[in-house]
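Take a walk through this model, one site at a time. Keep the sequence and the coordinates side by side as you read.

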Amino acid sequence: MKYDVAIIGGGVVGALTARELSRYDLRVVVLEKESDVAYGASRANSGIVHGGFDPIPGTKKAALNVKGAAMMEALAADLGVTYHKNGSMVLAFSEEEMATVRKLYERGIANGVPGISLLTGAEVLALEGRVSPQVVGALRCVSSGIVCPYGLTIAAMGNAMDNGVELRYEYAVDRIEQKDGSFSIYAGEECVEAAYLINSAGMYADRIAAMVGDDEYQIIPKKGEYMLLDRAEGDLCSHTLFQVPTAAGKGVLVSPTADGNLLVGPTSVAIDDRECRDTTVEGLDYIKQAAGKSVADIPYRQVITSFTGVRAALVGEEDFVIEPSKKNGRAIHLLGIDSPGLSSAPAIAEEVASLLRDAGLTLTPKKDFNGKRDSYHVFGHLSDEEKNEWIKRDPSYGHMICRCETITEGEIREAIRRNPPARTMDAVKRRVRAGMGRCQGGFCTTYVAELVAEENHMKPTEVTKFGTGSELLTGLTRGGN
Amino acid sequence: MMEAREIVIIGGGPAGMAAALAAHEAGIRDILILERDAALGGILQQCIHNGFGLHRFGEELTGPEYAERYAREVYAKGIPYALNTMVLDISKDKIVTAISEERGVFHIQAKAIILAMGCRERPRGALNIPGARPAGIYTAGTAQRFVNIKGMMPGKSVVILGSGDIGLIMARRMTLEGAKVQAVCELMPYSGGLNRNIVQCLEDFNIPLMLSHTVSKIHGKGRVTGVTISRVDENLRPIPEESQYIPCDTLLLSCGLIPENELTKSAGIPLDRVTSGAIVNEERETDIPGIFACGNVLHVHDLVDYVSEEAALAGKAAAGYVLGKTKRGTGITIRAAGAVRYTVPQRLSTNEAGEVRLYFRVGRVLRGATITLTCGDTVLLQQKKRHMAPGEMECLVLKADIVAKMQDTVTLSCEEVAK
């Protein structure tokens, strides 16, 4: 069976591209090497929809960030994803830093960022009482927001699948052959054929490009460590609080998350390991020390987890690379989609569709495209009467599994069954937050594992945390059966 | 019309059942126990080792046997209970909101409420252990449920961080199931568990207990492949030079229990910062009249026998409240000082409370200690104890005549006697 378009990589860019292409009469497949979508950079990042004052004017980053950020609110609403336009501040703690802040303001004006203004220290403190009193001023951007990056990816892929896109998990592309106007995309013995290819492989986009014949790119992983605090601290600040950026990146931020927790981080360190998930003492100590400049008294007793994300930086190129292959114009490469990749993703998806059209693909709008998708969290927001209607229809909505986040069996089964299907413990957690609360799965792990096994027709010992090799169990007890 | 009950008990574990039986004994019949699990018994259901009930029944029972004794009485007395029912909210005016498959979301107006929700384990995130994020990291209680309830093995080669009782019990349990337990690491220079568990679960199986050690790094991509353990300095920071790598496929965490007081907080009941449970008086009544708390939701107990005893106090007191017999007085505050970390109760309703058993824990190991209760400059009571440790819950019996001498604030302190 031959597809019109194969998208390699189910991160936020791949998923939104899939959803964009699902508007048209096309056969589209997404090839994801992991057990779930959003497993690379989209899994663990700051979740900030940047205003767009940071990129250099005239770059793709500047144009796509501003355009993507403007699309995000409506997109999130269509996909049932939580998005808050909470605004951001870049805090200055000296006159030198304030000079940089003024430059960012100028850049924001040049980039066409809506809702930016300069604040005095007193104005900052009036809006954000926990900011360190040493603050001398800030750039405020009211058009900036927060969104859950993997939630957006999962919802985009789900909506794409609802509109006919296919998804293959654990499909690690290792070879691409080109002949007679088509690509044969191999993962071991398996092969998928497609007329057009989108390389949105994130951390591995350089290797996929090389498989098509473009071997001039090199991705370097940059890792960022974060700490996540309990929801009890989610209102410590309302804006995303940045520090003045340096050559190393945007610096350590303090921000509420779309789910209501407080996020502190990241570090930014170039590493070798593209799969890195390690947190370090040094990294977490650095975050605490650096964040202390913005807010002096962050209650780290309330940390519920720490994590590491990797971003795919491109060696020798600061801007996004979004262009057809030099060897074969029917392959579109997306490389170096680091920050502001999440903010730009909706605009990148449109850009890819336009490049495909330029490359000769006919885009005929589908009559029955439905761009709307229900949130996973419908049940929790229903009135008591509505909840009781659901429970009457399906009693499993009355059976509480995750106590901390109050997630019922019905919601977990629904998360496993819906597009994109959840095959692993982490996949369930990222869809409905079961196991993401204060006990971090202490109580519900055994129950969720049973549901994952039952719904996916697996043995309990086959259930994994995040794919092959991460099995939860090593076998049965002596008396177990 | 909203359902009304004289006493609603949240939690059908050892505390909830003992409270229900005591309330029944005191003459209340309109009781409802709400239990989120599929059976009464709480965490005891998965505690299949013995050692329960020595104080209460004078014999060694397993957890399920201990629970069964109470459950049979609950059935025999016909005390109503609802299983698979999770309480979502309690309000200041004692409206309980719950959810179940049978009833959906429903509300009950209670005259009195007894909080008996138990506790949860401290997870990895709260410990902030650096390193990789592979599968194979479990709290000891989760591993216990996999092994004892599901008949499944969470790992074959195990390191345990924390020497809390569940960790010690699981070291033995995993060994009996054929796993190799490499070591139990304890951050503090003393164990957080009962001495008898260190002897019976570690020493008898030649499992090393490494005091002043912690896991400083977790290794592994898919599944845990090993941990780095390090000796810690006096500030509990790992010493890089004194580190070693231990290959293993599983890390179990037994690093403390946290009372589950989310409902308590949502009702606006003040909590004790040390116990993380409600502040209560000798009847285990919280700051909201008619709402009582007992068992591990109030403070973490060492033995279930004391949970039952405390729950019986709360059950009887809740019955007294419903029957209008509650004594009210000017109130006495009990302050913890010196090595005493906390006391339960933290208050007395009146100095006419009669005999009171004052429970407390110390914050460090004391050899040859003096326990002193003072009121102003007056020493009300002084006792000597040869050995005290943070893992053991202490009890001081205050006779009625001593209680009668209390005014305003009394202070309980513990000091080590010079050798």
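Begin at the surface of chain B. B:N206 has 8 C-beta neighbours inside 10 Å, so this residue counts as exposed. The model is a predicted one. B:N206 sits in the loop between helix 7 (195-202) and strand 14 (209-211) of chain B. Its phi is positive, at about 55°, although B:N206 is not a glycine.

B:S276 is another residue of chain B to inspect. Its phi is near 60°, again a positive value in a residue other than glycine. The loop that holds B:S276 runs between helix 8 (262-266) and strand 20 (291-293) of chain B. B:S276 has 19 C-beta neighbours inside 10 Å and therefore counts as partly exposed. The cut-off for a buried residue is 20 or more.

Now turn to the interior. Nonpolar side chains tend to be buried together in soluble globular proteins. The largest nonpolar core here holds 157 residues. Within that core, B:A19 and B:I114 touch the most other members. Helix 9 (residues 304-322) of chain B supplies the largest share, 11 residues. What does B:A19 contact, leaving aside its neighbours within four places in sequence? The partners are B:I9, B:I114, B:A116, B:C294, B:A311, B:A312, B:A314 and B:G315. A second core is separate and has 126 residues. Its members include A:V28, A:I219, A:Y226 and A:A291.

Next comes the interface between the chains. Here 47 residues of chain A are in contact with 41 residues of chain B. On the chain A side, several elements give two or more residues each. They are helix 7 (281-291), strand 18 (303-314), helix 9 (384-393), helix 12 (445-455) and strand 23 (475-476) of chain A. By class, this side of chain A has 14 nonpolar, 23 polar and 10 charged residues.

Helix 12 of chain A also has a partner within its own chain. It packs with helix 10 (residues 409-417) of chain A at an angle of about 45°, and the two axes lie 10 Å apart. The two helices are therefore oblique to each other. Their crossing is right-handed. From helix 10 of chain A come A:E409, A:I412, A:R413, A:I416 and A:R417. They meet A:V448, A:L451, A:V452 and A:E455 in helix 12 of chain A. The residues of this contact divide into 5 nonpolar, no polar and 4 charged.

Follow the chain on from helix 10 of chain A. The loop between helix 10 and helix 11 (425-432) of chain A contains A:P420. A cis peptide bond joins A:N419 to A:P420, with omega about -15°. Another cis peptide bond joins A:S339 and A:P340, with omega about 5°. A:P340 lies in the loop between strand 20 and helix 8 of chain A.

How many residues of helix 1 of chain A are buried? The count is 10 of the 10, so the helix is largely enclosed by the rest of the structure. A:R19 and A:E20 are among the buried residues.

Look closely at helix 5 (residues 149-162) of chain A. Helix 1 (residues 12-21) of chain A packs with it at an angle of about 30°, with the axes 8 Å apart. These two helices are therefore roughly parallel to each other. Helix 1 of chain A passes helix 5 of chain A in a left-handed crossing. The residues contributed by helix 1 of chain A are A:V12, A:A15, A:L16, A:A18 and A:R19. They meet A:P149, A:L152, A:T153, A:A156, A:M157, A:N159 and A:A160 in helix 5 of chain A. By class, the contact has 9 nonpolar, 2 polar and 1 charged.

Finish at A:G52. This glycine lies in the loop between strand 3 (48-49) and helix 2 (60-79) of chain A. Is A:G52 buried or exposed? With 29 C-beta neighbours inside 10 Å, A:G52 counts as buried. Beyond its neighbours within four places in sequence, A:G52 is in contact with A:A62, A:N65, A:V66, A:A69, A:N111 and A:V113. A:G52 and A:C141 are 89 residues apart in sequence, and their C-alpha atoms are 9.2 Å apart in space.

Definitions and conventions
Residues numbered from 1 in each chain as written. Chains lettered and ligands numbered in written order. Predicted model: local features only at pLDDT ≥ 70, side-chain atom pairs only at ≥ 80, totals over all residues. Axes fitted to C-alpha atoms, helices over the stretch in contact; angles between N-to-C directions. Helix = DSSP H or I, 4+ residues; strand = E, 2+ residues; numbered from the N terminus. Parallel < 35°, antiparallel > 145°, perpendicular 65-115°, else oblique. Left-handed = near helix turned anticlockwise from the far one by under 90°. Contact = placed C-beta atoms within 7 Å. Nonpolar A, V, L, I, M, F, W, Y, C, P; charged D, E, K, R; others polar. Core = buried A, V, L, I, M, F, W, Y, C linked by C-beta atoms within 7 Å. Buried ≥ 20, exposed ≤ 12 C-beta atoms within 10 Å, placed from the backbone.
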